[in-house]
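Open the model in your viewer and keep the selection tool at hand. The tour goes from stop to stop, with a note on what to select at each.

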Amino acid sequence: MDEVRRKMLMKFPSLIPKNGDCTEYDGYIQILDEEYRINITLPKDGTLRDTKLTCEWRLEQVLKKYDKIVKQRLIQCENLPAFLDELKSIAEKQLSFQEQNHPSYSKTNCAQLISELEKIGWEHVISVDADFQSFHIMCVDVKERKHVMRIKLHLQHPKQAPTVTVDLPTKFDVVWTSTSSLLDVYNQFIHNVDLYQDLWNNLNELDSKTWILEPDNPTYAATNRRIAISASASVQITVDPKHPSSLPEIKFLGSNQATGPLRENMTSNLHLWNENESLLSNLSTVLGVTFPSPSDTKKEDFSADCGICYSYRLGTEIPEEVCNDSRCGQPFHQTCLIEWLRGLPSYRQSFHTIFGECPYCGTPITVKMSVNSM
């Protein structure tokens with residue numbers, strides 16, 4: 001053990017033992033001309049197999065591709081100094097490879113990017129790839145919602161603008177000049193996130209207090225919601241992201257018998273829409289309904305399976321065609337129902353409308369074909 005301690009002191013003087021047993025080291029390891037922060041915790045028996053290795057994000061990115069090799073060397077190396085020699089060798093080879101294959105990204109450029117990330121704040125940096133080409137950066141809005149921006153640098157950075165991917169309801173156009181920085185992009189992202197707080201507040205209320213049939217897992221970019229009203233009716237809304245309190249686009253889905261009263265209520269109550277109220281409150285008032293709540297109902301009560309294929313989803317399609325007989329009210333996928341009706345001897349078609357009988361109760365049923373089903 002004394003020999004191991006002596007080698008550690010000679011080869012890695014910046015790694016300091018944190019206890020008398022020398023089972024934990026913390027400090028720096030020099031690789032090429034750079035120092036990297038590293039922490040090593042050894043098991044009490046002194047073996048390397050279950051050693052816990054923690055290093056700063058720069059070194060972590062360099063070693064990411066060699067995770068299996070690093071674990072293998074932990075098992076095979078005789079002692080900690082031997083393992084650290086192997087670790088240095090792996091990192092040096094990878095760093096040399098990066099410099100040869102990405103000459104434009106010199107240490108000066110990397111230092112500049114690190115400086116820009118520091119100005120953003122490391123607590124907002126989720127990940128940086130090993131080539132210093134891609135960054136995932138997060139901001140948290142006033143309601144503690146987390147928003148992630150993905151930045152991919154152009155090969156001619158900073159002369160050319162980076163590619164930026166965000167989860168926002170409208171297109172995010174980055175304003176970029178040759179003197180712009182990652183902080184400039186981040187500030188533009190924060191500004192855009194702030195613009196949609198009212199939108200997300202309203203949609204979050206709908207998501208938490210009603211049954212959303214579509215989309216299954218709404219993203220921040222999604223401005224549409226299909227909300228359950230009853231087992232045979234739902235409403236599809238599309239909200240204007242810049243004016244979320246205004247009347248959204250509204251489409252009713254379900255049998256005529258179930259949706260007819262909703263249409264009548266909306267026509268009669270449209271003047272009651274109050275842009276100072278929330279979307280949920282306005283929809284309840286204008287449609288004259290109390291939306292089923294997740295607190296006292298189950299989603300399965302409002303997402304009936306197709307009566308032909310016995311599933312809820314058919315690709316991206318859900319059961320939207322409903323038998324108008326109130327005693328039946330069975331929903332069907334449009335694709336399934338069209339295929340079924342075309343197989344009947346009584347099948348008739350006029351332009352884009354198919355006439356037939358409900359597969360369940362025999363009541364006359366019509367289907368208006370969409371462009372995709374023709």
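Select helix α7 (residues 197-209) and find Glu-205 and Lys-209: they sit four residues apart, so about one helical turn separates them. (Helices are DSSP runs of H or I with at least four residues, strands are runs of E with at least two, and both are numbered from the N terminus.) Show the two side chains. Glu-205 and Lys-209 meet in a salt bridge, 3.5 Å from N to O. The term means a side-chain nitrogen of Lys or Arg within 4 Å of a carboxyl oxygen of Asp or Glu. Lys-209 is partly exposed, at 45% relative accessible area. (Buried is under 20%, exposed is over 50%, partly exposed is in between, with a 1.4 Å probe and protein chains only.)

This is a predicted model, in which local features need pLDDT of at least 70 and side-chain atom pairs count only at pLDDT 80 or more, while totals for chains, interfaces and linings use all residues. Residues are numbered from 1 along each chain as its sequence is written, and side-chain values use heavy atoms, leaving out hydrogens and water.

Next, go to helix α1 (residues 2-11). Glu-3 and Arg-6 are three residues apart there, about one helical turn. Their side chains form a salt bridge of 2.5 Å, N to O. Glu-3 is partly exposed at 40%, and Arg-6 is partly exposed at 41%.

Now select Glu-34, Glu-56 and Arg-58. Salt bridges link these three in a network. Between Arg-58 and Glu-56 the N to O distance is 2.5 Å. Glu-56 is buried, at 19%; Arg-58 is partly exposed, at 21%. The whole structure holds twelve salt bridges.

Move to helix α6 (residues 182-195). Which of its residues are buried? Colour Leu-182, Val-185, Tyr-186, Gln-188, Phe-189, Asn-192 and Val-193.

Last stop: the cavity. The structure holds one of 30 Å³ or more. (On a 1 Å grid over the protein atoms alone, a cavity is a set of points where a 1.4 Å probe fits but cannot get out; lining residues have an atom within 4 Å of a point.) The largest cavity has a volume of about 140 Å³, counted as the space filled by probe spheres set on the points, which are joined across faces, edges and corners. Select Arg-226, Ala-231, Phe-302, Pro-319 and Pro-331, the closest to its centre of the 17 lining residues.

Key:
1 Å grid on protein atoms, 1.4 Å probe; cavity = no way out; pocket = protein on both sides within 12 Å on 5 of 7 lines; lining within 4 Å.
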